[in-house]
Amino acid sequence: MNPGDLLLDERIPASIASALAARGHKVGTRSRWSSGSAPVMIRLLPNGVIEAGADPYGYRSAQAW
């Protein structure tokens, strides 16, 4: 895990990738067919709550415990 690094597939508009890069993220792109792992996003809130989301493409889901 590399906090701040984002690997986006080609379905994400270039304008969104540019906006994320402007916020300081390291943005890369790849084909949706060549993702070798489950794309997820994890956010740790100041109160200790963990939020997660996953791309349902390929039957992926986010889980936490």
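Modeller: We can start with valine 49, which counts as partly exposed because its relative accessibility is 38%. This is a predicted model.

Colleague: Why is valine 49 called partly exposed?

Modeller: Buried means under 20% relative accessible area and exposed means over 50%. Valine 49 has 38%, so the label is partly exposed.

Colleague: Where is valine 49 placed, and what does it touch?

Modeller: Valine 49 is in the loop between strand 3, residues 40–44, and strand 4. With its neighbours within four places in sequence left aside, valine 49 is in contact with Arg43 and Leu44.

Colleague: What is the overall make-up of the chain?

Modeller: The protein chain has 1 helix and 4 strands. Read from the N terminus, the order of elements is β-α-β-β-β. Of the 65 residues in the chain, 6% are buried.

Colleague: How do you know how confident the predictor is in the chain?

Modeller: The predictor's confidence is given as pLDDT, on a scale from 0 to 100. The mean pLDDT of the protein chain is 79, and 75% of its residues reach 70 or more.

Colleague: What makes aspartate 9 buried or exposed?

Modeller: Aspartate 9 has a relative accessible area of 15%. The limit for buried is under 20%, so aspartate 9 is buried. Its place is in strand 1, residues 5–9.

Colleague: Why is the pair of aspartate 9 and arginine 11 called a salt bridge?

Modeller: A salt bridge needs a side-chain nitrogen of Lys or Arg within 4 Å of a carboxyl oxygen of Asp or Glu. In aspartate 9 and arginine 11 the closest N and O atoms are 2.5 Å apart, so the pair meets the definition. In general, side chains of opposite charge can pair when their charged atoms come close.

Colleague: What makes the link between aspartate 9 and arginine 11 a polar contact as well?

Modeller: The cut-off for a polar contact is a pair of N or O atoms within 3.5 Å. The side chains of aspartate 9 and arginine 11 make such a contact at 2.5 Å.

Colleague: How many salt bridges does the structure hold?

Modeller: The structure holds 2 salt bridges. One of them joins the side chains of arginine 43 and glutamate 51, at 2.5 Å from N to O. That distance is within 4 Å, so the name applies to arginine 43 and glutamate 51.

Colleague: Why is alanine 17 called buried?

Modeller: Alanine 17 has a relative accessible area of 13%, which is under 20%, so the word is buried. Its place is in helix 1. Leaving aside neighbours within four places in sequence, alanine 17 is in contact with Leu8 and Val27. Alanine 17 and valine 27 are 10 residues apart in sequence, and their C-alpha atoms are 6.6 Å apart in space.

Colleague: Is proline 3 buried or exposed, and how do you know?

Modeller: Proline 3 is at 73% relative accessibility; the limit for exposed is over 50%, so proline 3 counts as exposed. Proline 3 lies in the segment before strand 1. Its C-alpha atom is separated by 8.7 Å from that of histidine 25, which is 22 residues away along the chain.

Colleague: Which residues form the nonpolar patch on the surface?

Modeller: The patch is formed by Ile42, Leu44 and Ile50, with about 310 Å² of accessible area together. Patch residues need over 30% relative accessible area. Isoleucine 50 has 46%, so it passes that cut-off and is labelled partly exposed. Isoleucine 50 is found in strand 4, residues 50–54.

Terms used:
Residues numbered from 1 in each chain as written. Predicted model: local features only at pLDDT ≥ 70, side-chain atom pairs only at ≥ 80, totals over all residues. Heavy atoms only, no water. Helix = DSSP H or I, 4+ residues; strand = E, 2+ residues; numbered from the N terminus. Buried < 20%, exposed > 50% of the residue type's maximum accessible area, 1.4 Å probe, protein only. Polar contact = N/O pair within 3.5 Å; in protein donor to acceptor, adjacent residues only side chain to side chain. Patch = residues over 30% accessible without salt bridge, like charges linked within 9 Å, V, L, I, M, F, W, Y side chains within 5 Å. Areas by Shrake-Rupley, 256 points an atom, 1.4 Å probe, with all protein chains shown as cover. Contact = heavy atoms within 4.5 Å.
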